[in-house]
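Biologist: Could you walk me through this fold, one question at a time? I'd like the cut-offs along the way, please.

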Amino acid sequence: MAGMTRGSGEPDVFGISTLRFGRQRIVRVLIALSLTLILATALAACTPSNQAVGDTWHPSTVDHDGVDRSDILVALVGSPSKSSDEGANEEDSRILASLKEQRMDGYYSQAESLADQQAGVEDAVNREVDLILVHAPARGDWAPSLAKARKAGIPVAVIPKSGATWEDGPDGIYYAATLSLDADTGKGTPVLLADALQNIIDDGPHARAIRVTLGQAGE
């Protein structure tokens with residue numbers, strides 16, 4: 001009978017069985033599910049177990065080429081302050097100037113509160129930056145926002161407020177290192193901020209607490 005496939009009882013449109021289209025649809029669904037599984041596996045691979053992103057180096061780590069500095073984008077989440085405050089964001093400006101001086105691109109996320117800082121972290125995740133640098137993190141629950149950076153495979157470094165430690169920070173798995181700009185903190189020669197961040201991005205060997213300098217931008 002016209003309009004029917006042989007022995008199938010399925011409608012036949014222009015000689016092509018709709019059963020064939022049903023099978024093709026199933027194949028497409030299976031392919032989509034496979035791609036989803038592959039993507040989920042790749043994202044999981046970005047998240048090291050019980051270690052922070054950017055702090056997984058160990059003596060048996062195989063050497064690899066790092067990211068070219070000119071291709072790096074750093075998100076600076078600024079210290080909480082109102083733009084009307086005298087001297088507000090002055091140190092943030094010096095940090096950005098130091099990155100630029102060392103050929104590292106950065107953009108600034110201004111903040112007046114903990115909520116603003118956390119929103120800045122989440123925006124940086126959406127922009128797929130190479131590193132998130134949080135300056136003077138406000139007190140509060142940082143785990144939810146930093147967990148998003150961790151899941152995306154983006155390392156986080158923290159510069160606590162001058163003279164302070166980030167004692168209320170989340171578990172060490174959420175940030176690769178704390179950086180100190182205090183001139184008299186720690187021993188040894190401080191490293192340039194951009195060099196310290198580059199090493200974290202490249203997942204090279206580094207201490208959990210690093211003394212850094214802004215170079216000429218900090219003078």
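Biologist: Where is Y174 found, and is Y174 buried or exposed?

Modeller: Happy to start there, and do keep in mind that this is a predicted model, where local features need pLDDT of at least 70, side-chain atom pairs count only at pLDDT 80 or more, and totals for chains, interfaces and linings use all residues. Residues are numbered from 1 along each chain as its sequence is written, and side-chain values use heavy atoms, with hydrogens and water left out. Y174 is in the loop between strand 6 (156-159) and strand 7, where helices (H or I, at least four residues) and strands (E, at least two) are DSSP runs numbered from the N terminus. Buried means under 20% relative accessible area, exposed over 50% and partly exposed in between (1.4 Å probe, protein chains only), so Y174, at 19%, counts as buried.

Biologist: How far apart in space are Y174 and P144?

Modeller: In sequence, Y174 and P144 are 30 residues apart. From C-alpha to C-alpha, the distance between Y174 and P144 is 9.8 Å.

Biologist: Which residue stands opposite T178?

Modeller: T178 lies in strand 7 (residues 177-180) and is buried, with a relative accessible area of 19%. Contact means heavy atoms within 4.5 Å; not counting residues up to four places away in sequence, T178 touches V158, P160, R208, A209 and I210. Strand 6 and strand 7 run parallel and are joined by two bridges, and the residue opposite T178 is V158.

Biologist: Which strands are the edge strands of the sheet?

Modeller: Two strands pair if DSSP finds at least two bridges between them. The open sheet has seven strands in the order 4-3-5-6-7-9-8, with parallel pairing. Each edge strand pairs on one side only, and these are strand 4 (105-109) and strand 8 (191-192).

Biologist: How many residues of strand 5 are buried?

Modeller: Strand 5 runs parallel to strand 3, with four bridges joining them, and V77 has V134 as its bridge partner. Four bridges also join strand 5 to strand 6, where I132 has V156 as its partner. L131, L133 and H135 point one way from strand 5, while I132 and V134 point the other way. Strand 5 is largely enclosed by the rest of the structure, because its buried residues number five of the five.

Biologist: At what angle do the axes of helix 2 and helix 5 cross?

Modeller: Axes are lines fitted to C-alpha atoms, for helices over the stretch in contact, and angles run from 0 to 180 degrees between N-to-C directions. The axes of helix 2 (residues 90-101) and helix 5 (residues 193-201) come within 8 Å. Angles under 35 degrees count as roughly parallel, over 145 as roughly antiparallel, 65 to 115 as roughly perpendicular and the rest as oblique. Helix 2 is therefore roughly perpendicular to helix 5, as the axes cross at roughly 75°.
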